[in-house]
Amino acid sequence: MAYESAVHASAVHASAASERPGTRGQLSARASATPSVEEHPCPVAVPSGTTCGYLLVPERRDVPNSRTVKVGYAVHRASGNASGDDTEQAGGQATDPVVYMSGGPASASLQLTGFLTQMFPGRDVVVLEQRGGRYSEPRLSCPEIVRGVVDTLRTPGPATAETATVTRQALACQSRLEAAHVDLRGYRTAEIAADVVDLRMALGYPRWYLFGVSYSTRPMLLAAARDPEGTRGVVLDSLLPPRARWYDEASAALSSTMTKLGIGARFDAMVAALNAHPVAYDTRDPLTRERMTVRLNGDDVATILGEALHETDVIPIMPALVDGLASGRTELLQPLVDAAGDGLTSHEWGLYYAVQCQDQVPYNSFPGSRGPRLFTGIVDEAVCDAWGLPAARAEADLLSAATSANAAGTAGGTADTAGTADAGASGGLDGAGASGGAVAGREVPPILVLGGGYDPTTPPEAAHQAVSPVPGARFAEFAGVGHAVFLSSACGRRTIAAFLDDPSATGRVCAAGAAPHRIVRPGDLALTSSVYRLSRSPIPLAVPAAFLLVSVVQLLAGLVSLVRRRGGGLSALAGLAGVVLCGLAALSLSAVEDWTVLAIGVPHALAWYGLLALVSTGLSIVEAFRLNAAAARIIPALTGLALIAWLYGWLLA
């Protein structure tokens, strides 16, 4: 699953609130078949023209008189469409709304409202939270589980032997949520999909586009199957195929992505070396923000690298990073270790595990893997074993139903779907027309599927295979991109917008095969973590700053002396060499296309430019020890020596 964005407080207040009418946690015997909404101030910054509220729905639709929960949402009305009716494009074509939900499960959505309105100008944009999420009520946070994971990472042993702490904390979270009258069985994909359908009816839209990413592709596909009349089309970014065994396939998918990057063997060597000799890193506790030490083995590091591949700007440095780690340069992982803490506070873990334990974990066997044992799978299995929630009943969604119907039609000689969903890395949208088939007598809505070429979480090959038999489905793979294509690829965003404007169009709108950044191969950089350390504490920058200042003064003073015919040639040359060095270094660093590269290394040219520091310092020493030289002449020599030590003994060390 994808691990996106931030969490905050626990759901402790829900217990007290449940005793007061009109507050969150309020019990209700809602018998009305028509879902309702209530307005609420937007909890995040949103663009003008946006209103927020709660969708009021039963916690469990399969239980009579189930209490009411509140599902957060935001609606941005297109200009001139305050009524919520369909707007029209310039050519008179209806501009149907689009509803978006983030993945996770348990990632927040509302913070993307402004981003999405820029993607789809002139179109109503609806953003829906997941029930139990950050901006819904109750909010199913589980800091206890985060504490259990952090405590496990403090020790160097394999995660498989250290699940007792996680299990204990998981049970504590479960007990707290149940004491707050939370029925965890109400937080699963089927209920989330029903919320999508209910929100359309509550807002009065006759139909809309469904837009899901990663995990939320599942509830969106299920909502499309349940609400065919209300579904204009479906966009699936980083599709998690309905029958995918994510945990069983995760290790192989990560290894396959490393092989795509050309570092499969080095990745295996790194995992083996670090499993034999775990490494300690100082970082911050994600809950208390206090300093702590974690001890990571190869499996732990593989998990962190897999999560880091979600970020498109990290993908280019992965080959050089893995090669450096395999060579013993373990300090290079520090930026990702520090970022991993934010990942542990990125979800409402109570909701995450309620969904996973009912909809995903039961359908995996968790076999021993020849690849790295990712601690995400180990922890999730342990939590779900402790919680003991029943497996959710499988339900046919849009893809599985369409695939089955199409297979039956093909067997009877009535359908031919060969090649209906192959766009590959070229970005073309080959496929059937907007209504290329039927399910249960209804036309299949047009479907657009996007995949990132280096996505280890939802590999594009699996997504392509899942949609290729489906009439009306089209697939596009984007080069150089990881998870959640629309967040990191301008071409991906343009492709989605073009699909919504005209689902029947199959032409290429941009070059999906053009990677946004060049891959940094082993040997392309002088590996160092010094620049990252400078970003955390800029104090060491005082050395090059002092050298530059002294060089400028030295150059100007030397030029003045030359003009006055008092000598100064050596001083001017020394200052010029120092200024040129600083200028060339600045130009070299500014030419770096992706600044994330500097987290693990700098251009090799800096080492060669450092020779100018030797020249400048040598000339300054000669000038300082000339007969009758002023005492101040020693300052350029000392700053030059300090810079040489800083450059070769610290920055490039």
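These legends walk through a few close-up views of a predicted model. Local features need pLDDT of at least 70 and side-chain atom pairs count only at pLDDT 80 or more, while totals for chains, interfaces and linings use all residues. Residues are numbered from 1 along each chain as its sequence is written, and side-chain values use heavy atoms, with hydrogens and water left out.

**View 1. Helices α20 and α21 pack together.** Here α20 (residues 569–590) and α21 (residues 605–624) sit with axes 8 Å apart, at an angle of about 165°. (Axes are lines fitted to C-alpha atoms over the stretch in contact, and angles run from 0 to 180 degrees between N-to-C directions; helices are DSSP runs of H or I, at least four residues, and strands runs of E, at least two, numbered from the N terminus.) That makes the two helices roughly antiparallel, a label for angles over 145 degrees.

**View 2. Tyr209 and Phe499 make an aromatic pair.** Their ring centres are 6.3 Å apart and their planes at 65°, so the pair is edge-to-face. (Rings of Phe, Tyr and Trp, its six-membered ring, pair if their centres lie within 6.5 Å; planes over 60 degrees apart count as edge-to-face.) Tyr209 is in strand β8 and Phe499 in helix α17, so the pair ties together parts 290 residues apart in sequence. Both residues are buried, meaning under 20% relative accessible area (1.4 Å probe, protein chains only).

View 3. Trp349 and Tyr352 are three residues apart in helix α12, about one helical turn, and both are buried.

Technical notes
Angles under 35 degrees count as roughly parallel, over 145 as roughly antiparallel, 65 to 115 as roughly perpendicular and the rest as oblique. Rings of Phe, Tyr and Trp (its six-membered ring) pair if their centres lie within 6.5 Å; planes under 30 degrees apart count as stacked, over 60 as edge-to-face and the rest as tilted. Buried means under 20% relative accessible area, exposed over 50%, partly exposed in between (1.4 Å probe, protein chains only).
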